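Keep the structure open while you read.

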Amino acid sequence: MPRLTRAQQRNDIVLAVVLFLGGGLSAVLSSISGIYGDQQGSLAVALGYVAVLAIPLAFRRRWPSVAAVIVTFAYFLAVTFRIPELYAGNIAMFIALYTVGAWETNRRRATIVRIALIVGMFAWLFVVMFQQATLPVGEEVEGAFSRAGSFSPFVAYQLLTIGVNALFFGGAYYFGDRSYQQMRERAALEERTAELESEREVTAAQAVALDRVRIARELHDVVAHHVSLMGVQAGVARAVLTKDPEKAREVLSGIEGSARTSLHELRQLLETLRAPGSDSGPDTAPTTHGLTSIAALVDEASAAGLPTTFTVIGEPAQDPPPLVQVNLYRIAQEALTNARRHAGPHATADVRLRFDTDAIELEVANTGRSGSTTPGLGQLGMRERAAVSGGTIEIGPRSRGGYLVRVRVPATESEVAHV
């Protein structure tokens with residue numbers, strides 16, 4: 001339940017004052033009209049009765065059950081002792097019963113208090129009806145009705161009284177419960193709104209972090225391969241510069257080509273990241289490279305001093321999704337880059353691309369040293385690309401020596417989306 005606010009407390013005090021003024025006016029007019037005869041001091045008693053009704057209502061939301069008991073008991077005494085006031089008591093009792101249903105936090109107590117008060121009031125009503133029914137035939141009841149006839153005005157009046165009281169108490173019970181449920185729903189909605197706002201902030205922070213990871217991964221894939229290749233080629237050029245100038249010139253041309261390719265891919269990456277309508281999720285990547293570009297990677301690796309073979313087994317039934325192609329290309333690129341770095345001077349590499357009916361498998365193996373066993377950003381990027389493509393990946397040393405990277409991904413876009 002929401003906490004009671006100062007504005008609600010002020011409103012309850014205003015309600016109590018209005019009820020006291022209205023009840024006082026009703027008491028004065030009822031006393032003047034003599035509805036219960038000419039009783040001495042009846043006006044002063046009526047004003048005191050109205051005060052007893054109004055004061056508990058000023059604290060009705062703080063102590064709803066106590067206020068309802070006081071107001072109901074005061075109404076019972078007023079009607080029993082014929083205090084000249086007709087309307088304020090009914091209004092106060094309805095408000096009090098409604099408040100128990102709407103603001104009593106202990107729902108068991110709310111049910112018990114309301115049922116007890118309603119049952120008590122109906123029991124008292126039936127006692128009064130029985131007393132009136134035992135009056136001699138022809139004697140006036142309430143100054144107007146008698147018990148003559150099979151369905152006399154008296155019976156009609158009592159049935160009307162029962163119906164009005166049933167609607168009165170039933171309405172107070174129902175609307176109190178309904179108001180309580182609405183306040184709980186409103187409080188739950190406000191809490192959920194606050195949670196969603198907090199989740200939105202967390203999601204935004206996660207999106208920024210994913211963008212950073214994506215940029216780091218793409219930069220690593222683009223830069224690491226070409227820079228590593230240029231470093232190896234520069235070492236070869238320096239070694240043969242005096243002995244074989246023509247070979248050195250050829251190697252330097254390769255370095256120039258690698259630099260141009262690296263700049264081209266960096267430019268494409270930046271354009272993709274800057275595109276206002278581009279998807280900023282981790283699955284987005286420039287798709288200029290595909291499976292057909294793996295052969296060029298093999299040639300570059302061989303030219304850089306890592307003898308590498310490339311074998312294609314089978315044929316694809318249809319063109320694989322662009323995302324799958326670029327991810328497999330980047331995995332092959334990273335695996336060959338790691339082989340050049342860590343496999344050693346006499347290592348060889350083998351790249352195999354297999355097409356099955358429902359999957360594509362890429363295998364990059366080398367015969368050199370295993371290198372570092374601590375996963376770096378490159379291995380993390382390969383695992384992420386395999387997961388994004390809906391596949392699995394194996395990275396680790398081979399039992400017969402060397403190192404192996406094997407990835408298997410679905411061959412069709414629907415299977416990728418399903419995974």
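## Helix H2 and what covers it

Start with the buried side of H2: Ser 42, Ala 46, Tyr 49, Val 50, Leu 53, Ala 54, Pro 56 and Leu 57 are buried there. Helices that cover these buried residues include H1 (6–33), H3 (64–80) and H4 (88–103). Bear in mind as you look around that this is a predicted model.

H2 itself runs over residues 42–57, which gives it 16 residues. From first C-alpha to last, H2 reaches 23 Å, close to the 22 Å expected at 1.5 Å a residue.

## The chain as a whole

Zooming out, you'll find 11 helices and five strands in the chain. The chain has 419 residues, and 39% of them are buried. If you take the contacts between residues at least 6 apart in sequence, 72% of them join residues at least 24 apart.

## H2 against H3

How do H2 and H3 cross, and how close do their axes come? The angle is roughly 165 degrees, and the axes come within 9 Å. That makes H2 roughly antiparallel to H3, because an angle over 145 degrees counts as such. The crossing of H2 past H3 is left-handed.

On the H2 side, the residues that meet H3 are Tyr 49, Val 52, Leu 53, Pro 56 and Leu 57. Their partners in H3 are Ala 67, Ile 70, Val 71, Ala 74, Tyr 75 and Ala 78. Look back at the buried residues of H2 and you'll spot Tyr 49, Leu 53, Pro 56 and Leu 57 among them.

Setting aside residues up to four places away in sequence, Thr 72 touches Met 93, Leu 117 and Met 121.

Just after H3 comes Arg 82, with a positive phi of about 55 degrees. That's a positive value in a residue other than glycine. Arg 82 sits in the loop between H3 and H4. Is Arg 82 buried or partly exposed? With a relative accessible area of 43%, Arg 82 is partly exposed, because the buried class stops under 20% and the exposed class begins over 50%.

## H1 against H4

H1 and H4 pack at about 160 degrees, with 10 Å between their axes. The two helices are therefore roughly antiparallel to each other. H1 passes H4 in a left-handed crossing. From H1, the contact uses Gln 8, Leu 15, Leu 19 and Gly 23, while H4 brings in Ala 88, Ile 91, Ala 92, Ile 95 and Trp 103.

## H8 beside H9

The H8 residues Ile 294, Leu 297, Val 298 and Ala 301 meet Tyr 329, Ala 332, Gln 333, Leu 336 and Arg 340 in H9.

Ser 262 belongs to H7 (residues 245–274). Its relative accessible area is 7%, so Ser 262 is buried. Ser 262 and Val 227 have C-alpha atoms 8.2 Å apart in space, although the two residues are 35 apart in sequence.

Gln 379 lies in H10 (residues 377–388). Its relative accessible area is 11%, so Gln 379 is buried. Which residues does Gln 379 contact, leaving aside its neighbours within four places in sequence? They are Ile 395 and Tyr 403. With Tyr 403 there's also a polar contact, side chain to side chain, at 3.2 Å.

Key. Residues are numbered from 1 along each chain as its sequence is written. This is a predicted model: local features need pLDDT of at least 70, side-chain atom pairs count only at pLDDT 80 or more; totals for chains, interfaces and linings use all residues. Side-chain values use heavy atoms; hydrogens and water are left out. Helices (H or I, at least four residues) and strands (E, at least two) are DSSP runs, numbered from the N terminus. The expected span of a helix is 1.5 Å times one less than its number of residues. Buried means under 20% relative accessible area, exposed over 50%, partly exposed in between (1.4 Å probe, protein chains only). Contact means heavy atoms within 4.5 Å. A polar contact is a pair of N or O atoms within 3.5 Å; within protein, one must be able to donate a hydrogen and the other to accept it, and residues adjacent in sequence count only if both atoms are side-chain atoms. Axes are lines fitted to C-alpha atoms, for helices over the stretch in contact, and angles run from 0 to 180 degrees between N-to-C directions. Angles under 35 degrees count as roughly parallel, over 145 as roughly antiparallel, 65 to 115 as roughly perpendicular and the rest as oblique. A crossing is left-handed if the near helix is turned anticlockwise from the far one by less than a right angle, and right-handed if clockwise.
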